[in-house]
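User: I am new to this structure and would like to learn how to read it. Could you walk me through a few features?

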Amino acid sequence: ADIALKVTGAVAAEQAWTEAEVKAMTTLDVEATNSKGEKDTYTGVLISDLLALAQPNSDATTVVFVADDGYTAEISLAELSACTNCIVSFRSKGGFSTVLPGLPGSLQVKGVVEIQVK
């Protein structure tokens, strides 16, 4: 099956999932403001749950979201870990986006395919 999302880098156990495997995980509905300034509800999987499966190394400090078009966005692991409603959301046309309510729009990555831990 095609890998749709992976967690790589400074982790104990790199992870790779198909879209169906991610959708089968425990999901959460999150309200966030989209790029047009409108409130919307997004369904997805907690990024903290995905990171917990990969077990970031104790010296890891940064997370980089990588999109299918090569776009990247970086956030500190501490800031991301403190976010209780940051998710990888399911896109209607397939694939995933990051939804990080209350954090800068530059961190909302459409078409995210990889979460790199550094």
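Analyst: We will look at a helix, a disulfide, a pocket and a core. This is a predicted model, in which local features need pLDDT of at least 70 and side-chain atom pairs count only at pLDDT 80 or more, while totals for chains, interfaces and linings use all residues. Residues are numbered from 1 along each chain as its sequence is written, and side-chain values use heavy atoms, with hydrogens and water left out.

User: Which residues of helix H2 are buried?

Analyst: Helices (H or I, at least four residues) and strands (E, at least two) are DSSP runs, numbered from the N terminus. Buried means under 20% relative accessible area, exposed over 50%, and partly exposed in between (1.4 Å probe, protein chains only). In H2, residues 47-54, the buried ones are Ile47, Leu50, Leu51 and Ala54. They lie on the same side of H2 because they cover an arc of only 95° around the axis, taken from the directions from the helix axis to the C-beta atoms. Just after H2, Gln55 has a positive phi of about 55°.

User: How many disulfides does the structure hold?

Analyst: A disulfide is a pair of cysteine sulfur atoms within 2.5 Å. The structure has one, joining Cys83 to Cys86 with an S to S distance of 1.9 Å. The link of Cys83 and Cys86 is right-handed, with 90° about the S-S bond.

User: Are Cys83 and Cys86 buried or exposed?

Analyst: Cys83 counts as buried because its relative accessibility is 10%. Cys86 is also buried, at 1%.

User: Which residues contribute to the largest nonpolar core?

Analyst: In soluble globular proteins, nonpolar side chains tend to be buried together. A nonpolar core is a set of buried Ala, Val, Leu, Ile, Met, Phe, Trp, Tyr and Cys residues joined through side-chain atoms within 4.5 Å. The largest one here has 31 residues, and Leu5, Val7, Leu51, Phe65, Leu80, Leu100 and Ile115 touch the most other members. Among the elements that each supply at least two residues of this core are strand S1 (5-9), strand S5 (62-67) and strand S9 (112-117). H2 gives the most to this core, with four residues.

User: Which strand gives the most to the lining of the largest pocket?

Analyst: On a 1 Å grid over the protein atoms alone, a pocket is an open set of points where a 1.4 Å probe fits, with protein on both sides within 12 Å along at least five of seven lines; lining residues have an atom within 4 Å of a point. Strand S4 (39-46) gives the most to the lining, with four residues.
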